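Subject: Model for you to look at

Hi,

Here is the structure I promised to pass on. Please open it first, then read my notes below.

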Amino acid sequence: MSFADILSIFSGALTTLLLSAAGIALGLPVGLGLALLRWARVPVAAPIVALYVSLLRASPLVTLLLLLFYGLPNVGISVGPVTAGVLALAMNTSAFNCEVWRAALMAFPKEQTEAAQSVGMRRGLRFRRIVLPQIVRIGLPGLVNEMTQLIKVTPVLALVGVVDVTRAAVRIGASTYEPLPPLLVAIAIYVPIVYALVSTQRWIERRQARLEAPA
Amino acid sequence: MIHDFGIVWSERGLLLSGLMNTMLLSALAGFCALVLGVLLSTVLMQRARLLAQTARVFVDAARCTPFLLFVYFVYYGLPSAGLRFDNWSAGLAALIVYHTAYMGEILRGAWMAQPREPIEAGQAFGYTGLKLFRRIVLPPLALASAPVVGNQIIQIIKDSAFLTIIALPELTNAASSIQSRRYVPFASFIIAMLLYWALCLVVEAGVAAAGRMAQARR
């Protein structure tokens, strides 16, 4: 394995990071939107969201990705590997994020909304100033956990031809007839990233526990 | 579109054998990972520093490694180090080793959260050794860890889909082969997803039943 090979694995890592970031950036607000639909018990939409969340949480990302990559062109929507990959990641994580957001919304004290209402705040303002900052805090550890999960399933993108860490490593292994070293490099790229996220989550949890503990 | 589902229905034998293989893999892996996880959890709680720390490194490493890369490592990487597997044993071994780490950590957490008093009371009533474990320690521990173990089994079912990359004929692989031969991608993969969903609902129902048992025992 040459220096150029290692460099190509790192360029794959950049792709992985960019696609993960795109998946997270899409999945967070979509998850919140879905959670709000369920929380507000919007007729028709709420049960559909419940179905979507249940199905996506229970089915493997590989299957969803293959469905999007091969199935969407079948119904007339052409998608490339990158689009299908980001869409699959975003759909998958949005379902998990929805549950985190919803739990945070359920735990939100109703009195505060009523108090905001009584001082004349309108719905949008109430959500932005009163509800959102607090559910972000409550949901943060869960959301970081979902980000970790998302990063850990990104190697699946290699399956439809995205040149990410995994595909770069496998390609080098195939050309040098030594698959072990590039795979170890790939794993060595993932471990610190995931470990950093897990540590961040624990740090947030500890900090919040300290802040909430009675002095 | 209805026609596509008809084609998938005509291939139901293949899909069902894929489902059976997924169930078989998940059940075997779940059982072995649970048993090994029990052993691992006791090692994690050892007072012997070196042993517990080695186990801790294994658990943390597994939890930071993507499962798919681990499968590649076992199936493509290890043969060059002299360990050669066929796809079934590589897939099963990867599932078991990877999820043993998670099970060990889950069970350690459940164990630590158990109150000490019933055990001391049991000892006061003359329960010792295996009988103490079987009658006093195990029942509440098993009921308390049932939900998280159930979640882990759902994770195993979902991870088993990754094994399609080493050509193991499980559910996703069956759907892939139907779509590539008959060109019905939407129908075959959506059916596969629904079957995974059904499997997970069954596991969840089992967990809920265990939860009700735990409530009734209180």
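This is a predicted model: local features need pLDDT of at least 70, side-chain atom pairs count only at pLDDT 80 or more; totals for chains, interfaces and linings use all residues.

Residues are numbered from 1 along each chain as its sequence is written, with chains lettered from A and ligands numbered from 1 in written order.

**Within chain A**

Take helix H1 (residues 3-39) and helix H8 (residues 180-212) of chain A. Their axes come within 11 Å and cross at roughly 40 degrees. (Axes are lines fitted to C-alpha atoms, for helices over the stretch in contact; angles run from 0 to 180 degrees between N-to-C directions.) H1(A) and H8(A) are therefore oblique to each other. In H1(A), A:Asp5, A:Ile6, A:Ile9 and A:Ala13 meet A:Pro182, A:Val185, A:Ala186 and A:Ile189 of H8(A). By class, this contact has seven nonpolar, no polar and one charged residues.

**Between the chains**

Chain A gives 31 residues to the contact and chain B gives 31 residues. (Contact means C-beta atoms, placed from the backbone, within 7 Å.) The chain A side divides into 23 nonpolar, six polar and two charged.

H3(A) packs with helix H8 (residues 171-182) of chain B at about 15 degrees, axes 10 Å apart. That makes the two roughly parallel (angles under 35 degrees; over 145 is roughly antiparallel, 65 to 115 roughly perpendicular, the rest oblique). A:Val62, A:Thr63, A:Leu66 and A:Tyr70 meet B:Thr172, B:Ala175, B:Ser176 and B:Gln179. (Ala, Val, Leu, Ile, Met, Phe, Trp, Tyr, Cys and Pro count as nonpolar, Asp, Glu, Lys and Arg as charged, the others, Gly among them, as polar.) Helices here are DSSP runs (H or I, at least four residues), numbered from the N terminus.

Best wishes

Technical notes:
Two residues are in contact if their C-beta atoms, placed from the backbone, lie within 7 Å.
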